[in-house]
Every structure is written in C-alpha cells, then in structure tokens.
Amino acid sequence: MERLNYQEIVQKILESHAKNRSNSQTEVKLLFDTERDRYQVMNIGWQDLTRIFGCIIYVEIKNGKIWIERDGTEIGVANELVEAGVPKQDIVLAFKAPYKRKFTEFAAS
C-alpha cells in the first residue's frame, strides 16, 4: 500500500481553513516550513480598535506522525485528517496533556 503524503494533506486542509476565514478587517496568513515540516494558520490585523494576532492552527510532522499543537477550529483538524485517510494512530493531539492522550482515539505520542 502506498504511503500517504502527509505534507500535502496537511497543506490542503490548512489552505481550506484560510479560504473559509474571510474577514475584511483581518488577514489570514499561511506559514508553511516544508523543510522542517511545520505548518501554521495565523490571524493578523485590526478589529475596530483591537489588535488581532494569533495562531488558529499549528501542526508539525515528526517521526512520521502528525502532531496537532493548536487547533482553533470547530470541526477539528484531526477529524479532517482522518477523513483524508490518515490513520488515527498517526495523529497526536499535542494540545492535550500527555497523560490524557491515552484516553483519546488518537496516538499518545
């Protein structure tokens, strides 16, 4: 069986989130470091008098697994990865405490 291209899958999912977050007052930035396998979606700008600068999604690929460090979406990046064919044992919910990960359906590390 052919191995899935995790870099490509992660990029497509994050690109779809960037397109779905169109807000005229802020910009959504995609930051892809393909050499180090780090992928991020940022929200930057001003909303009235408030500065907006924050990470919406941050994902790393380490040792053949997809580590979700930050997920500010409603649907859940992990669910989208599973839908794209990524096995749950290759997805780590890194935003959860290490001792809690074993109680999820996903990889502990």
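Start with R3. Is this residue buried or exposed in the predicted model? R3 has a relative accessibility of 52%, and the cut-off for exposed is over 50%, so R3 counts as exposed.

Now look for the partner of R3. R3 makes a salt bridge with D90, and their closest N and O atoms sit 3.7 Å apart. What does this pair tie together? R3 belongs to the segment before α1 (6-20), while D90 is in the loop between α2 (77-83) and β5 (91-92), so the bridge links parts that lie 87 residues apart in sequence.

How many salt bridges does the structure hold? There are 6, and the R3 and D90 pair is one of them.

Let's visit another one, between D33 and R36. Here the closest N and O atoms are 3.1 Å apart. D33 has a relative accessibility of 22%, so it is partly exposed. R36 is partly exposed too, at 48% relative accessible area.

One more stop: find K62 and E69. Their side chains come together in a salt bridge, with 3.8 Å from N to O. And how open to the outside are they? K62 is partly exposed, with a relative accessible area of 30%, and E69 is also partly exposed, at 29% relative accessibility.

Technical notes:
Residues are numbered from 1 along each chain as its sequence is written. This is a predicted model: local features need pLDDT of at least 70, side-chain atom pairs count only at pLDDT 80 or more; totals for chains, interfaces and linings use all residues. Side-chain values use heavy atoms; hydrogens and water are left out. A salt bridge is a side-chain nitrogen of Lys or Arg within 4 Å of a carboxyl oxygen of Asp or Glu. Helices (H or I, at least four residues) and strands (E, at least two) are DSSP runs, numbered from the N terminus. Buried means under 20% relative accessible area, exposed over 50%, partly exposed in between (1.4 Å probe, protein chains only).
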